[in-house]
Amino acid sequence: MSTKRKRCAYDAGFKLKVVQFALDCGNNRKTASQFGIGEKLVRDWKKMTDELRAMPRTKKARRGDKPSFPNEEEDLNAWILGLRNDGYIVTRGAIRVKAKELITGTDENFKASAGWCNRFMRRNKLTLRQKTRIAQKLPADLDDKITSFQRYVIRLRKEKNYPLSQIGNMDETPMYFDLPGNRTVDSLGSRTVTVRTTGHEKTHFTAVLACMADGTKLPPMVIFKRKTMPKDRFPPGVIVHVHPKGWMDEAGVLLWLQKVWARRPGGGLQNQQSLLVWDMFRAHLADRVKQRTKNGYNTDVAVIPGGLTSILQPLDVCLNYPVKCKVREQWNTWMASGGPERTAGGNFKRPSLPLVTGWVKSAWDSIDPQMIEKSFKKCSISNSLDGMEDDILWRDVEEDSDSHSDDDGDDAYDDLMTPAQAAQLFMDNSDDDEDFEGF
């Protein structure tokens with residue numbers, strides 16, 4: 001009774017040893033019996049002697065050179081590249097699901113295994129990459145939306161004739177109770193570079209910053225992760241709010257409109273007509289928020305298209321980064337001066353809520369008003385309508401300040417679009433100035 005031989009994987013060194021034995025004895029059957037393998041393997045390995053000699057001796061498989069389903073893999077690769085050109089994330093899991101969908105019709109036994117995915121990616125020169133920034137390198141089809149946004153702002157400015165003191169920008173940005181940098185001065189040749197913190201690098205709060213095109217800074221709002229308002233005494237000039245998760249939501253936006261935007265110079269009883277520029281964060285697009293800005297505060301809104309805040313939002317382009325750097329400097333000074341208190345168990349306590357609130361206010365106060373004015377011009381929001389300041393659009397931010405575009409790896413306020421929003425905002429190819437209607 002014959003038994004089925006168990007499949008085994010053999011490295012190139014073993015195969016060459018079998019080939020050499022077969023050549024010496026001149027008998028494939030005897031060679032197969034000697035090494036306990038099938039006679040067909042001996043014949044196959046003798047045919048590929050040159051290839052085996054060119055391979056590393058420990059290499060076993062020869063898969064990955066030629067695809068079994070070339071047409072389907074070509075379609076799959078085109079699908080991947082299309083999504084990446086549009087800025088969408090493609091995961092290995094998504095590749096396997098799509099491959100199963102494309103190839104099952106040809107081979108119902110195809111499993112789209114993890115190993116197959118590795119070989120497919122290697123054949124097509126694909127690899128996993130760390131994002132450099134959400135939508136930092138813009139898809140080509142978004143370029144016309146930059147122009148549409150600029151046209152929309154210019155048209156509103158010509159129709160409403162807003163003074164620069166009534167053109168504003170607001171943005172939410174996450175911050176953390178511990179803000180260690182990635183570099184420190186240390187002894188040359190040190191193998192381990194440790195950075196001490198209080199252990200709250202991931203304990204976040206939200207800072208809400210807003211400014212006007214004439215350089216005016218509106219009071220910052222700080223949102224802490226808690227359910228009840230703290231009883232601490234906070235520095236004056238800062239609006240303190242709480243949220244169970246420490247994020248901005250619709251109620252927070254309405255509170256900001258009431259406490260900050262309505263009290264800006266020119267707001268309140270004067271209620272001058274104004275323009276507010278902000279991103280596509282979902283709380284900004286809520287119906288109650290739209291109604292309140294338009295009817296309650298006489299404010300027109302220009303919503304920055306998704307993925308373009310790194311180009312069109314003044315706070316994101318020029319201001320958030322230096323504010324965070326200033327907060328980090330204060331945190332470093334506090335840590336170095338022995339600021340952290342210890343718990344009964346000997347662990348460091350995080351900085352107090354009034355302390356971090358003071359850091360945010362101090363950092364925001366340190367921003368030069370001229371930097372704010374230039375940031376609006378850099379984003380083509382407050383430039384002279386006669387075109388005399390258009391050259392600022394092409395000037396590097398570093399020429400205007402020491403700032404860099406804000407870049408937080410974990411930002412709940414990144415303006416990612418749903419497919420429906422993308423279709424609504426970016427699929428209209430008309431050249432009419434009415435294309436971009438805002439919200």
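Q: How many residues of strand 1 are buried?
A: In this predicted model, where local features need pLDDT of at least 70, side-chain atom pairs count only at pLDDT 80 or more, and totals for chains, interfaces and linings use all residues, 10 of the 10 residues of strand 1 are buried, buried being under 20% relative accessible area, exposed over 50% and partly exposed in between, with a 1.4 Å probe and protein chains only. Strands (E, at least two residues) and helices (H or I, at least four) are DSSP runs, numbered from the N terminus. Residues are numbered from 1 along each chain as its sequence is written, and side-chain values use heavy atoms, leaving out hydrogens and water.

Q: Which residues lie on the two sides of strand 1?
A: In a regular strand the side chains alternate between the two faces of the sheet. Here one side holds Ile 167, Asn 169, Asp 171, Thr 173 and Met 175, the other Gly 168, Met 170, Glu 172, Pro 174 and Tyr 176, and all are buried.

Q: Which strand pairs with strand 1 in the antiparallel sense?
A: Two strands pair if DSSP finds at least two bridges between them. Strand 1 (residues 167-176) pairs in this sense with strand 2 (residues 204-212) over nine bridges, Pro 174 having Thr 206 as its bridge partner. Strand 5 runs parallel to strand 1, joined by three bridges, and Gly 168 has its partner there in Leu 276.

Q: Why is one side of strand 4 and of strand 6 left without a neighbour in the sheet?
A: The open sheet of six strands has the order 4-3-2-1-5-6, with mixed pairing. Strand 4 (239-243) and strand 6 (299-303) stand at its edges and each has a single partner strand, so one side of each lacks a neighbour in the sheet.
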